[in-house]
Amino acid sequence: MKKINFILSFLLLLGSTGFYACKKNANETEAGKSKMEMSNAPNGTLANNFTIKTFNKEPIANAAVVSKKFSFPASSDSVTKVLMHVYLTCPAGGCPPWDVYANLRLMKSNGDDTRTYGYELGRWITPYGKDNTSIPGGWVIDVTDFRSLLIGDVTLETRAEVYSGTWQFSVDFEYFIGTPQYKYSAVVPVMEYNAWSTSGITFGKGLVTANSYNGKQMGFSIQMPSNAEKTSFRSIISGWGHAQPLAQGGRGFAEWAFRKHQINIDDTPAFWHEMGSLGCGTNPKVVKNQGGNWTGNRAGWCPGMEVPVRTDVLATPKAGQTFNFNYVLQEDQWNPADMTRKWRDNDAVPGAYYALSTYLVVQSNTPVTTMPVLTNRP
C-alpha cells in the first residue's frame with residue numbers, strides 16, 4: 001500500500017494522552033490539505049493516538065457544497081476507534097437564525113468511474129442562531145465504521161441548507177491506536193437518500209410496494225463474502241415536513257410524528273428504529289438557549305445536535321450466504337394516499353420526507369478482498 005510522506009515540522013505532545021497534533025502550512029491550508037505529525041512503530045503501524053484537523057472555520061452559506069481533499073493515514077489496520085468532532089462557530093455578523101439540515105460525506109468512486117458514493121460520516125441539525133461551543137468537544141460522532149475509507153488522500157464534502165447568514169465549520173478526527181477486535185473492515189452503501197432533506201423518501205404519497213417506497217428502492221438481496229466475522233448496518237434517518245392530515249396527538253409528518261420503522265432480514269422483523277422524543281429541552285448534547293423552538297421534541301432529532309447513528313448487528317455474520325434486507329417505514333393507521341406539507345411561508349408542497357442513509361459494514365481478521373454484492377429485490 002502506498003505510504004504517506006508526512007511533514008515533520010514539529011511534534012506536539014498533549015499531556016499524558018499521547019495525542020499528536022496536526023499542522024498546516026499556508027499552501028496546504030489553501031489547498032485544503034492536512035498533514036499529520038506522528039511516530040510510526042518499527043513494523044510500519046501507527047504507534048500513538050493522534051488527531052487530524054480538516055476543515056477549519058470553513059464558511060458554509062447559500063446551501064453551497066464545499067469539497068476539499070485531506071491526507072489521512074496510509075493504513076487502518078491498527079485503528080481501534082475514530083471519533084469525528086464537529087464544531088460550528090459564528091462569524092462577526094452572528095449565526096444563521098434557522099435550524100437546518102447539514103452533513104459531512106466522504107466521496108469515493110466505486111472503482112470503475114460509473115458512480116461516486118457520498119458516504120455519510122455524520123449529520124446534524126444546526127442550532128437556532130447560536131454556535132455549539134457550549135458542547136465539550138463539539139458534536140462527537142463515532143466514524144470507526146469508515147476506517148477502511150479514511151486512508152490516504154480523502155475528499156470530504158459538506159453542505160448545510162442555510163440561505164440566511166453563514167456558519168463557520170470545523171471538523172477533527174480523533175484516532176485511537178491499538179489492537180482492534182477485527183483487523184480488517186469494509187463498508188458498502190445500501191441506501192443514500194440523503195443529499196438534501198427533501199430529496200429523501202417521500203412519505204405517504206404515491207406507490208408503495210414490498211421492496212420500494214414512492215420510487216426509492218428499500219429492498220435488497222445481499223451476497224456476503226465468505227470470511228465475514230461481524231456484519232452490521234449503520235443508518236442515519238431524520239424526518240422533515242409539516243404534513244397534513246396529522247398523526248395521533250396532532251403531530252405532523254415527518255418532523256413531528258413519532259414513528260417506529262424497522263429492518264427486516266429475510267422478511268422477518270429484526271431491528272426497530274424509534275423515531276421518537278430525544279428530550280430536546282434537557283438533552284445534554286443539545287445546544288441550550290437557542291433563539292427558536294429548540295425544545296420541541298421532533299421525531300428522532302433535535303435542533304442543535306447531531307442526528308443519532310443507528311447501528312444494528314446481525315446475530316450471525318452470514319459469511320458466504322445471500323440474504324434479503326428491507327427497510328420498512330411505519331405507515332399511519334389510515335395509510336394516507338396524499339398529504340400536503342405546510343411550510344413556514346404556508347405554501348403547499350406534496351408530501352413529507354425521510355432523509356435516510358444505510359451502510360453495510362463487514363469486519364474480519366483476514367483481508368476483505370471480496371466485497372458484498374447488493375442487488376435490488378424485484
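The protein chain in this predicted model is built from 1 helix and 30 strands. Of its 378 residues, 54% count as buried. If we look at contacts between residues at least 6 apart in sequence, 78% of them join residues at least 24 apart.

The mean pLDDT of the chain is 85, and 81% of the residues reach 70 or more. Residues 1-44 are a stretch to read with this in mind, as their pLDDT is below 50. Beyond near neighbours in sequence, that stretch has 90 contacts in the model. Residues 342-348 also stay under 50 in pLDDT, and the model gives them 12 contacts beyond four places in sequence.

The largest pocket has a volume of about 620 Å³. Of the 27 residues that line this pocket, Lys108, Ser148, Leu149, Ser185 and Met371 are the closest to its centre. Which elements give two or more residues to the lining? They are β9 (101-109), β10 (116-125), β12 (153-160) and β14 (184-193). The largest share comes from β14, with 6 residues. By residue type, the lining divides into 16 nonpolar, 7 polar and 4 charged residues.

Next, the disulfides. A search of the whole structure finds 2 of them. With the bonded cysteines numbered in sequence order, the pairing is 1-2, 3-4. Are its two cysteines buried or exposed? Cys90 is partly exposed, because its relative accessible area is 25%, whereas Cys95 counts as buried because its relative accessibility is 15%, under the 20% cut-off.

The other disulfide joins Cys280 to Cys302, with an S to S distance of 2.1 Å. This link is left-handed as well, with -90° about the S-S bond. Both Cys280 and Cys302 lie in the loop between β23 (268-275) and β24 (305-306), so the pair ties together parts that are 22 residues apart in sequence. Cys280 counts as buried, at 0% relative accessibility, and Cys302 is buried too, with a relative accessible area of 0%.

Ile141 is found in strand β11, which covers residues 139-142. Is Ile141 buried or exposed? At 3% relative accessibility, Ile141 counts as buried. Trp124 is 17 residues from Ile141 in sequence, and their C-alpha atoms are 9.9 Å apart in space. Trp124 is also one of the residues in contact with Ile141 when neighbours within four places are left aside. The contacts of Ile141 include Val82, Leu83 and Met84, as well as Leu121, Gly122 and Arg123. Arg234, Glu306 and Val309 are among them too.

The second residue, Gln217, lies in strand β17, residues 216-217. Gln217 is buried, with a relative accessible area of 17%. The C-alpha atom of Gln217 is separated by 9.8 Å from that of Tyr193, a residue 24 places away along the chain. Leaving aside neighbours within four places in sequence, Gln217 is in contact with Met191 and Tyr193, with Asn211 and Ser212, and with Asn376 and Arg377.

Finally, some details of the backbone deserve a look. Where is there a cis peptide bond? A cis peptide bond joins Phe253 and Ala254, with omega at about -10°. Ala254 is found in strand β21, residues 251-254.

The loop between β6 (58-61) and β7 (66-71) holds Asn62, and Ala63 has its place in the loop between β6 and β7 as well. Asn62 has a positive phi of about 60° although it is not a glycine. Phi of Ala63 is also positive, near 55°, again in a residue other than glycine. How do they stand in terms of exposure, buried or exposed? Asn62 counts as exposed because its relative accessibility is 56%, while Ala63 is buried, with a relative accessible area of 13%.

Notes: Residues numbered from 1 in each chain as written. Predicted model: local features only at pLDDT ≥ 70, side-chain atom pairs only at ≥ 80, totals over all residues. Heavy atoms only, no water. pLDDT = per-residue confidence, 0-100. Contact = heavy atoms within 4.5 Å. 1 Å grid on protein atoms, 1.4 Å probe; cavity = no way out; pocket = protein on both sides within 12 Å on 5 of 7 lines; lining within 4 Å. Points joined across faces, edges and corners; volume = space filled by probe spheres on them. Helix = DSSP H or I, 4+ residues; strand = E, 2+ residues; numbered from the N terminus. Nonpolar A, V, L, I, M, F, W, Y, C, P; charged D, E, K, R; others polar. Disulfide = S-S within 2.5 Å. Buried < 20%, exposed > 50% of the residue type's maximum accessible area, 1.4 Å probe, protein only.
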